[in-house]
Amino acid sequence: MSFAVVVPPMFAQKSRKILEDFKVWDESRKLQKIDGGNVAIPVLSKDFDIEILSPVVDKAQLQIVDMVLAKSKKTAIITPQDCLYSAIKQLLVESGMFWTDKVLNDLPNYWEKHGDLILLPASSFQLSLWPGFGEKLWRIVGESLGCTRVAKKSVVCSNGFRTPQVSLLLGQDGWVNQTDNKLRFTYDVTKCMFSIGNISEKLRISEFDCVGETVVDLYAGIGYFTIPYLVHAKAEHVHACEWNPDAVEALKKNLVLNNVQDKCTIYYGDNRKVDLVDIADRVNLGLIPSSESGWPVACAALKRKTGGFLHIHSNVTSNKSERNKINGPKNSTAEISKEECDKDADTEVLNRSCSYSNSQTGINSDVSVNYAANSCHETKQMTKTINYSSWNEWAEHVSVKIRQLLINYHQCDWTCSIKHIEHVKSYAPHVDHLVLDLECRPDTQK
């Protein structure tokens, strides 16, 4: 049964405020004008002291009636989170337990949905009371969020395979399907990574023109970069290296799903033991926190006569003061000397970008930087030219080491040109996932 307090319209809002202060107002329902011009204010119960309204309205001018009022807009919109919280609250009440702030703070306010599987964050359902409910709890979670399978994240294993620590709480297996940028993927969430945070880099690869090129993907995983190279960038062939057997199983399926199985050769095992020599126009080194263990393999894989591009991933740390210094727009064309670049590394530079060549080291730099801002639900591209000196120092350090590896392996001089630094995502504190686009050419190409 629902109740309302009926008052003259000029007293409606002040009366509602008093009822709210005394926790009597039913905020789930709307105020409503009724016959005679009076206003009905929804209340939770008729058993309250009506004298609380005496400072606003005379007792003779109001009445309490049985009345069902329409739901408020806020209440009418029921989110999956509302469903989950309501179902968990009911479960606790039926079990003789209390709904407390501690319980509320232990419930998830975000999750990933992969088809009919919900993947909960590691920070949720950590209280000791939850295991006592058994599978019943996870059935309620699944029903509330519209799924038949439930899993929960933990940290990524440091076993070299980057195997996710995911517990399957409800369901028979963790295999899911994902469509991303018109590309189809399938994988077992309990055994394989699907890096949603790397979407900006995958979209960037999709825009490459790799027609006629041979690409080596040294850390292929389930094909997160391999598939875009083949489908969108139109690479002639990709040599995909991966040592996680579960990822290899998914990679094979994903190649078939995207109808490019005939354009990819898979090398199962340690890529440092793979004989890929003088074969690649482009090498992708998509491993963080560092892909340095694969640099010698990448250098050997580049074509001896023509060279090509290395796309080198790494986590790079920058200090707080650097992160507040931003250069001018990406389309700046003014060139300045290396000395000016060094001088301006710690100062704000407007309307220009650094471009210099050091003939002694064989390192060229003409750097543009893309800065991508990512969220759990969508990816927004922001293009800026950034002057984090630590990013530039990292890029130059990598370039020098790569050039020396190329010289030592191919026994001739090489020039390495820093073409681009891509910001993929950020970690706290002040750690950024970057990709360096390094063009490497033997001196015979000059």
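**Close-ups of a salt-bridge network and a helix**

Glu201, Arg204, Glu422 and Asp437 are joined in a network of salt bridges (a salt bridge is a side-chain nitrogen of Lys or Arg within 4 Å of a carboxyl oxygen of Asp or Glu). Keep in mind that this is a predicted model, where local features need pLDDT of at least 70 and side-chain atom pairs count only at pLDDT 80 or more, while totals for chains, interfaces and linings use all residues. Residues are numbered from 1 along each chain as its sequence is written, and side-chain values use heavy atoms, with hydrogens and water left out.

**View 1. Glu201 and Arg204 pair up within helix α6.** These two sit three residues apart, about one turn of the helix (helices are DSSP runs of H or I with at least four residues, strands are runs of E with at least two, and both are numbered from the N terminus). Their side chains meet in a salt bridge, at 2.9 Å from N to O. Side chains of opposite charge can pair when their charged atoms come close.

**View 2. Arg204 also forms a salt bridge with Asp437.** Here the closest N and O atoms are 2.6 Å apart. Asp437 belongs to strand β20 (residues 431-442) and Arg204 to helix α6, so this pair ties together parts that are 233 residues apart in sequence.

**View 3. Lys202 and Asp180 meet in a salt bridge.** From N to O, the gap is 2.3 Å. The pair links distant parts of the chain, with Lys202 in helix α6 (residues 199-206) and Asp180 in strand β9 (residues 175-180), 22 residues apart. Lys202 and Asp180 are both buried. Altogether, the salt bridge count comes to 19.

**View 4. Helix α3 runs through residues 80-94.** Its 15 residues reach 21 Å from first C-alpha to last, close to the 21 Å expected at 1.5 Å a residue (that is, 1.5 Å times one less than the number of residues). Which residues of α3 are buried? They are Leu84, Tyr85, Ile88, Leu91 and Leu92. They cover an arc of only 125° around the axis, which puts them on the same side of α3 (the arc is that of the directions from the helix axis to the C-beta atoms). On the other side, Val93 and Glu94 are exposed. After α3 comes Gly96, with a positive phi near 75°.

Terms used
Buried means under 20% relative accessible area, exposed over 50%, partly exposed in between (1.4 Å probe, protein chains only).
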